[in-house]
Amino acid sequence: MTTALPLLVGKALMHKLDTFLSRYRDAIFRQYDGSISWHNALGWHVEIVAPLIVVFAALGLSVSSVRLWVILVSVKLPFWLVAAFSSGVRMTWATIEK
């Protein structure tokens, strides 16, 4: 390395750190290569069905999110209206009392 790090931590520790990082990087590359080879071994029917599953799952989540949003708003909206009305009445009454 061409940095000041070997001067700060020592050459032996720097070598151990470099060895650890290279082993870690190799393990990551092996995992990635294994995932890519598994994906390349899939059949053509799986490659067609998998994106469809993702699309339908995304649509299902968005519909359920919209339903949840509508339910929450329809339940909370009357409370918001009552709170706004009561605070308006309270402000008006406080102004009249002054």
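**Exercise 1.** What radius of gyration does the protein chain have, and what would a compact globule of 98 residues have?

*Solution.* The model is predicted: local features need pLDDT of at least 70, side-chain atom pairs count only at pLDDT 80 or more, and totals for chains, interfaces and linings use all residues. Residues are numbered from 1 along each chain as its sequence is written, and side-chain values use heavy atoms, without hydrogens and water.

The radius of gyration is taken over C-alpha atoms, and the globule rule is 2.2 Å times the number of residues to the power 0.38. A compact globule of 98 residues would have a value near 13 Å, whereas the protein chain has 31 Å. Along the principal axes, the C-alpha atoms fill a box of roughly 80 × 55 × 15 Å. Of the 98 residues, 1% count as buried (under 20% relative accessible area; exposed is over 50%, partly exposed in between; 1.4 Å probe, protein chains only).

**Exercise 2.** Determine how many helices and strands the protein chain has.

*Solution.* Helices (H or I, at least four residues) and strands (E, at least two) are DSSP runs, numbered from the N terminus. The protein chain has three helices and zero strands. Confidence is given by pLDDT, the predictor's confidence in each residue, from 0 to 100. Among the elements, helix H1 (residues 5-9) has the lowest mean, 70, and H2 the highest, 90.

**Exercise 3.** Explain why the pair of Phe-20 and Tyr-24 is classed as it is.

*Solution.* Rings of Phe, Tyr and Trp (its six-membered ring) pair if their centres lie within 6.5 Å; planes under 30 degrees apart count as stacked, over 60 as edge-to-face and the rest as tilted. The whole structure holds one aromatic pair. The ring centres of Phe-20 and Tyr-24 are 6.3 Å apart and the planes stand at 15°, so the pair is stacked. Both residues lie in helix H2 (residues 11-40), four residues apart, about one turn of the helix.
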